[in-house]
Amino acid sequence: MRIAVLLSASLHPVSGQPALSRVEAQAVTLGLALGGELVGFHAGPSLEAPRAALGHGLPRLVHLPLPEGDDPVPVLAAELARFEPDLVLTGPRSVGGDETGLVPYRLAEALDMPILADAVDLRPTSDGFEVASALPKGERLMTRQSGPLVLTLHPAAPAARAYAFAQERRGRIETRDAVTTTAIEESPVERPMRLRAKVKAVAAGGSAADRLRAATETTSAKGGQKLVDPDPEMAARAILDHLRAIGAVPAKRTRA
């Protein structure tokens with residue numbers, strides 16, 4: 001089994017210094033538990049943050065140098081297509097960077113591989129994997145998927161192995177030439193604004209036809225009364241007359 005772990009250029013949430021994402025360290029631990037050939041991949045200008053994955057047990061790290069701000073998806077897709085992984089493990093997003101969370105989905109689309117999110121555990125089957133995904137309130141969703149798979153991990157996945165500096169020194173780093181590509185950004189589409197239809201109150205009583213008519217018919221605006229600096233008694237009388245006119249207050253009774 002070939003397993004690829006995607007590593008991002010994350011920053012520590014407190015110090016702001018380059019640091020390996022906790023979920024990516026958990027991805028390394030999960031990949032080691034599955035066995036097989038485990039390789040980390042990073043596309044970016046430096047390995048200051050991803051290098052720590054070697055200290056958590058990652059045996060090999062492939063660095064694809066890219067200038068700051070370049071799109072890593074085309075370079076990663078080309079390298080992973082050559083590696084032909086059975087499983088791609090990644091965190092949901094980088095920490096302290098752009099944090100769009102779109103890289104795993106765009107990469108799965110480029111590789112034509114299905115993707116499952118928020119995985120906490122998985123085990124190989126005869127034709128694929130059985131994945132347990134996190135749901136609210138601690139529940140789990142079990143999914144069976146055949147063939148190669150891209151998986152984003154949830155923080156509730158098994159804890160990462162302890163870091164060891166000697167283990168990081170023993171890890172192997174391979175730097176490969178990456179073809180720099182400029183992503184083509186689609187220009188935004190402008191459309192004229194359309195006014196939304198006003199939602200009208202539906203009559204509570206009457207037949208179904210009466211309620212439908214009340215909800216759909218258009219009534220002409222009724223005249224009103226404008227008062228400028230009225231005295232309290234005049235203002236109260238005007239408000240009361242309006243409430244009686246719309247039926248919010250019973251009509252004034254007349255004595256026989």
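The legends below describe an overview and several close-up views of one predicted protein model.

**View 1. The whole chain and its secondary structure.** The protein chain holds seven helices and nine strands, where helices (H or I, at least four residues) and strands (E, at least two) are DSSP runs numbered from the N terminus. Of the 256 residues in the chain, 32% are buried, a term for under 20% relative accessible area with a 1.4 Å probe and protein chains only. Among the contacts (heavy atoms within 4.5 Å) with a separation of 6 or more, 62% link residues 24 or more positions apart. Residues are numbered from 1 along each chain as its sequence is written. Because the model is predicted, local features need pLDDT of at least 70 and side-chain atom pairs count only at pLDDT 80 or more, whereas totals for chains, interfaces and linings use all residues, and side-chain values use heavy atoms, with hydrogens and water left out.

**View 2. Strand 1 and its two parallel neighbours.** Four of the five residues of strand 1 are buried, which leaves this strand mostly covered. Strand 1 pairs with strand 2 (residues 37-44) in the parallel sense over five bridges, pairing being counted if DSSP finds at least two bridges between two strands. Leu-6 has Phe-41 of strand 2 as its bridge partner.

**View 3. The buried face of helix 4.** In helix 4 (residues 103-111), the buried residues are Pro-104, Leu-107, Ala-108 and Leu-111. Seen down the helix axis, these buried residues fall within an arc of 100°, taken from the directions from the axis to the C-beta atoms, so they line one face of helix 4. Their cover includes strand 1 (2-6), helix 3 (73-83), strand 4 (87-90), strand 5 (115-124) and strand 8 (149-153). After helix 4 comes Asp-112, with a positive phi near 55°.

**View 4. Confidence along the chain.** The mean pLDDT, the predictor's confidence in each residue from 0 to 100, is 82 for the protein chain, and 82% of its residues reach 70 or more. Over residues 180-184 the pLDDT is below 50, and this stretch has six contacts in the model beyond near neighbours in sequence. Where pLDDT is low, the predicted coordinates should not be read in detail.

How values were computed: Buried < 20%, exposed > 50% of the residue type's maximum accessible area, 1.4 Å probe, protein only.
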